[in-house]
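Take a walk through this protein, from its overall outline down to single side chains. Keep the structure open as you read.

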Amino acid sequence: MGSGVVLGIVGGLFCLLVVVLIGWALAAYNRLVRQRNQVRASWAQIDVQLKRRHDLIPNLVETVKGYAVHERGTLEAVIAARTGAIAAAGTPAVADRAAAENVLTQALGRLFALAEAYPDLKANQNFAALQGELANTEDKIAYARQFYNSAVQTFNTSVQSIPTNIIAGVGGFRAMDFFATSDGERAPVQVRF
């Protein structure tokens with residue numbers, strides 16, 4: 001075998017290796033793009049449910065106002081928390097948005113606890129319907145948050161795993177934040193009869 005043939009074989013193998021590496025890099029990049037888009041789409045679902053929640057709260061507060069006039073502090077806390085959550089909706093930071101939504105969740109918990117002290121309010125059909133809608137929305141938010149966090153975990157694993165992290169670094173992909181609950185939201189709910 002001549003040296004030209006050996007060089008030709010080595011050159012062919014090198015070209016094959018380069019083609020395989022380029023193919024792998026393109027596939028890895030496209031997978032990262034798909035995963036990033038999944039994270040964005042799942043965040044959009046959270047956003048839809050949070051906006052729905054924000055829209056329900058003024059009606060709920062108005063219904064409670066008629067029954068619990070002297071509970072102004074609780075109502076104002078809910079309104080302030082809703083305002084803070086809406087303001088946080090304009091920020092790109094998931095952690096800031098999650099913190100504002102956690103404050104709103106806690107304020108709503110106090111509002112529903114207040115309803116226990118007012119039997120007439122609990123019996124009000126508008127309040128019951130709004131409470132049911134809000135509970136349904138909270139369930140949807142929890143599901144959307146779970147789906148979002150799962151998508152973030154998949155994406156972050158790809159971004160941080162070797163050798164995909166090389167493509168992620170070159171492509172500008174960065175790990176994303178989870179939508180986490182606060183410690184106060186994890187506390188068990190107290191129910192008294």
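Start with one term: a residue counts as buried when its relative accessible area is under 20%, as exposed when it is over 50%, and as partly exposed in between. By that cut-off, R97 is buried, and D47 is buried too. Both residues return below. Keep in mind that this is a predicted model.

Now step back to the whole chain. The protein has seven helices and zero strands. The box around the C-alpha atoms tells you about the outline: roughly 100 × 25 × 25 Å along the principal axes.

Surface and contacts come next. Of the 193 residues, 32% count as buried. The protein exposes about 11700 Å², and carbon and sulfur atoms supply 61% of that area. Look at contacts between residues at least 6 apart in sequence: 77% of them join residues at least 24 apart.

Go to helix α1, which covers residues 3-65. G8 has its place in this helix. With a relative accessible area of 45%, G8 is partly exposed, because that value falls between the 20% and 50% limits. The C-alpha atom of G8 is separated by 83 Å from that of A115, and the two residues are 107 apart along the chain.

An unreviewed UniProt entry places a "transmembrane region" at residues 6-29. In the model, this span is 100% helix and 0% strand. Its end C-alpha atoms lie 34 Å apart. Which residues form a nonpolar patch on the surface? They are V5, I9, L13, L16 and V20. Together they have about 460 Å² of accessible area. V20 lies in helix α1.

Next, follow the charges. A search of the whole structure finds six salt bridges. One of them pairs R97 with D47, and the closest N and O atoms are 2.6 Å apart. R97 lies in helix α3 (residues 94-115) and D47 in helix α1, so this pair ties together parts that are 50 residues apart in sequence. Recall that R97 and D47 are both buried.

The side chains of R53 and E101 meet in a salt bridge, at 2.7 Å from N to O. Here E101 belongs to helix α3 and R53 to helix α1, so the pair ties together parts 48 residues apart in sequence. Is E101 buried or exposed? E101 counts as buried, because its relative accessibility is 2%. R53 is buried as well, with a relative accessible area of 2%.

R53 also meets E138 in a salt bridge, again at 2.7 Å from N to O. E138 lies in helix α5 and R53 in helix α1, so the bridge ties together parts that are 85 residues apart in sequence. E138 is partly exposed, with a relative accessible area of 26%. Salt bridges that share partners also join D47, K51 and R97 into one network.

Finish with two loops. Where does N124 lie? N124 is in the loop between α4 (119-123) and α5 (125-160). At 15% relative accessibility, N124 falls under the 20% limit, so N124 counts as buried. Leaving out residues up to four places away in sequence, N124 touches T63 and Y67.

The other loop runs between α5 and α6 (164-171), and P163 is found there. Check the peptide bond from I162 to P163: the bond is cis, with omega near 5°.

Terms used. Residues numbered from 1 in each chain as written. Predicted model: local features only at pLDDT ≥ 70, side-chain atom pairs only at ≥ 80, totals over all residues. Heavy atoms only, no water. Patch = residues over 30% accessible without salt bridge, like charges linked within 9 Å, V, L, I, M, F, W, Y side chains within 5 Å. Areas by Shrake-Rupley, 256 points an atom, 1.4 Å probe, with all protein chains shown as cover. Salt bridge = Lys/Arg side-chain N within 4 Å of Asp/Glu carboxyl O. Helix = DSSP H or I, 4+ residues; strand = E, 2+ residues; numbered from the N terminus. Buried < 20%, exposed > 50% of the residue type's maximum accessible area, 1.4 Å probe, protein only. Contact = heavy atoms within 4.5 Å. UniProt positions renumbered as here; feature names shortened; annotations may be inferred.
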